[in-house]
Amino acid sequence: MGDPLRQDEHEPFDIPDVLPLLPVRDLVVFPAQVVPLFVSREISLAAVEQALAKERLVFVVAQRDASEETPQAPQSVYGLGTCCLILRQRKLPDGRIKVLVQGLVKATLEEVVEQQPCTRARLRKIHELPFNAQQAQGEAALEAEALGRSVKTHLEKLIATGRGISPEQLLVLSGVQDPGRLADLCASSMQLKPQEAQEILELLDPVARLRRIHERLARESQLLAMQARLQSQAKEEISKTQREYYLREQLRQIQHELGERDEKAEMVAELRKKMDARGLPAHVAEEAGKELRRLEAMSLDSAEAAVLRSHLEWICELPWNKRTEEKLDLTEARRILDEDHHGLTKVKERMLEVLGVRKLKPDGRSPILLFLGPPGVGKTSLARSIARAMGRSYARISLGGVRDEAEIRGHRRTYVGALPGRILQGIKQAATMNPVFVLDEVDKLGSDVRGDPSSALLEVLDPEQNHAFRDHYLNLDFDLSQVFFIATANTLDGIPHALRDRMEIVELSGYSEEEKLAIAGKHLLPKQRDEHGLSADQIELPDATLKEVIASYTREAGVRELTRELAAVCRKVALQIAEGTTQKARLEPRDLQKLLGISRFEAQSTELEEIVGAATGLAWTPWGGDILRVEVTAMRAGRAKGLILTGQLGAVMQESAQAALSYIRSRAAGWGVAADFFDQHDLHLHVPAGAIPKDGPSAGATMAAALASLLTGRPCRRRVAMTGEITLRGRILAVGGVREKLLAAARAGVETVCIPQSNARELAELPASLQRKLEIVTISTLDDLFARVLLGGAPAPRVAVATAG
């Protein structure tokens, strides 16, 4: 075929080697193309003015970066462009110039010879030799002719679809036989991206350029065919839907005229209306549509129809896409939490941290919390306040005594009376996808042959799984990842480790008397007045009276019993006002016995008398702390031969008593105890309240103190309590529940408490009022404990012995 490129000395125009350079954005001009250009940049305006002043010729080249306002040649423009003739120009009112240019010949940018007032570049013009099919050999000529015919065929298809070029343009192209010219004319008529058009412009082989145009047109034809097929399918679906609607409407009108009532049709129509209004997710809508079509084909009298209807109604009633907009005002949230609850500083700070994170990352996962604490400290009410502070809906289910896994995951629809599990029931009650959801009493879950509910909760409380929670009844994935789960429990003992690992534990300890006084005055008493129809003027309880109620009529970690006692007071006063015997009541401490009866607890429950062989300990229970009295006596050896333990002591507590005795026996000789004392005497250790089971290692220090008091004859100091696990070497180890135990000591009138040195770090978190009320001593060995607890001077060698019988 020969070299298709050469410098042609015979040009239709006398094009100089140096021309003004006009950079354009988002456009590539091909030879023989006529295109309007809008010129507004100063450097471009100068290039047009200079061209108009001379040969009306300009070198048009595309910018590499369309966003660049002041392109610098040659680095900012492509190396190949088109020499163009300015056919006409017109100035616009906004200062721009509209020019109509015609591409003449391709040229390469050799060098920039001038930058001001406009860019002038030296060019090398490129002319293509006309393609001669007769001179071309073999396959090359056949390929060129085949490409030309195929391109024209594709253009005819595009015109038929209303896309591509106009029929007039196709008429012009039909007479073009040269592949290079045909490629340029097609490229100028197609909607090409600037980079793609530049690549075609830079293809100097005319057959290769036409091949690229053919590939582009073939792909466009395929896309249009696919688009037409999709539109046809959509049109068929719309027509089918319209036809079904028209037929149903006709059927309804016919039944109306005949006075007939199609219950099934009405039910199906109602369900379909609910499904459309709910805006179900795609996978749910697909499944619900299948169920609805099955229901239409059934008789309403069949049992399966009732199951399907119930299933569809549940699908329609769940809030698949409804979410409550959160309130992320931290100041308002703090105010609400402080208004609803007194104290609980650490818990409130944790909730504000949650809101702070949600404010910075609204689409983040909600934490899963476990409120751990004794009854009556406000776990459930705190969760309700959190929902109010966040502006979310509130849902609560009680898990106490639940033994069936289906209570969590739902019953399968094959069972009679099947229902979704309590999780989805709570979501339906909340009517939103992102409520605050309380799982109450999670430590009281049971298990039996019907499954383990705590294992079912693992999926609910796992952030990696609960985005696709599948209830057995619903049998559809439901997203629980936006739910703020809060579980409550009194103790960790009843919670399996795997379930405990899913939750962040937030401890709520018991209240001190000062905190209870503030809670009673700010929250409990006003609430009870409202519930009993009393005003603040009709009943008044001074702080001294409230303190007496707290100290003499309640003994608890929370405020539940205190609430009941205040309710009793309000009832008595309400009765007196209703009978007309009084109009206003100001109750003093002396009036309480008349209203509430004799006091249930002594103000100071620790024994005032200092007794040899008795010590006061502290215990933790799921309901808060409590006082533990330990008594030891010795008697002449009988059949028991050793240590007798009574008071329903658990295995761990019995081992602590044996460890305490072993340590005391190792020190007895130094205290002047006779060598044969333990051979001649039995020891009896008793913990009162024998009907209550007791266990745990923290009573070891108390048992050792009671034994030491017995053997040395020195009583323990009154109003001194202690706690701590012991070793055979006399070391005192850390224990749990220190805060609850200290609160119990304060309630019982204890003045000094000995705790293990290892628990000293917990003192920083105690209320200041509690630290002022108690003298808290840290000890690390039993010798330190004895020095602090036992009265008297040197250990006495005598031992008080109780004679058996």
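**Close-up 1. Helix α17 (residues 513-531) against helix α19 (residues 560-579) in a predicted model**. The two axes, lines fitted to C-alpha atoms over the stretch in contact, come within 10 Å and cross at roughly 45°. α17 is therefore oblique to α19, a class left over once angles under 35 degrees (roughly parallel), over 145 (roughly antiparallel) and 65 to 115 (roughly perpendicular) are taken out. The crossing of α17 and α19 is right-handed. Contact (heavy atoms within 4.5 Å) involves Lys516, Ala520, Leu524, Leu525, Gln528 and Arg529 of α17 with Leu562, Thr563, Leu566, Ala567 and Cys570 of α19. These residues comprise 7 nonpolar, 2 polar and 2 charged.

**Close-up 2. Helix α18 (residues 543-553) against α19**. Here the axes come within 10 Å and cross at roughly 120°, which makes α18 oblique to α19. The crossing is right-handed. From α18, Leu546, Val549, Ile550 and Tyr553 meet Glu561, Leu562, Glu565 and Leu566 of α19. The contact of α18 with α19 has 6 nonpolar, no polar and 2 charged residues.

**Close-up 3. Cysteines Cys570 and Cys754**. Cys570 is buried (under 20% relative accessible area), at 0% relative accessibility. Cys754 is also buried, with a relative accessible area of 0%. The closest cysteine sulfur to that of Cys754 belongs to Cys716 and lies 9.9 Å away, too far for a bond. With a disulfide taken as a pair of cysteine sulfur atoms within 2.5 Å, the count is 0 disulfides.

Residues are numbered from 1 along each chain as its sequence is written, and side-chain values use heavy atoms, without hydrogens and water. In this predicted model local features need pLDDT of at least 70 and side-chain atom pairs count only at pLDDT 80 or more, while totals for chains, interfaces and linings use all residues.

Definitions and conventions:
Axes fitted to C-alpha atoms, helices over the stretch in contact; angles between N-to-C directions. Helix = DSSP H or I, 4+ residues; strand = E, 2+ residues; numbered from the N terminus. Left-handed = near helix turned anticlockwise from the far one by under 90°. Nonpolar A, V, L, I, M, F, W, Y, C, P; charged D, E, K, R; others polar. Buried < 20%, exposed > 50% of the residue type's maximum accessible area, 1.4 Å probe, protein only.
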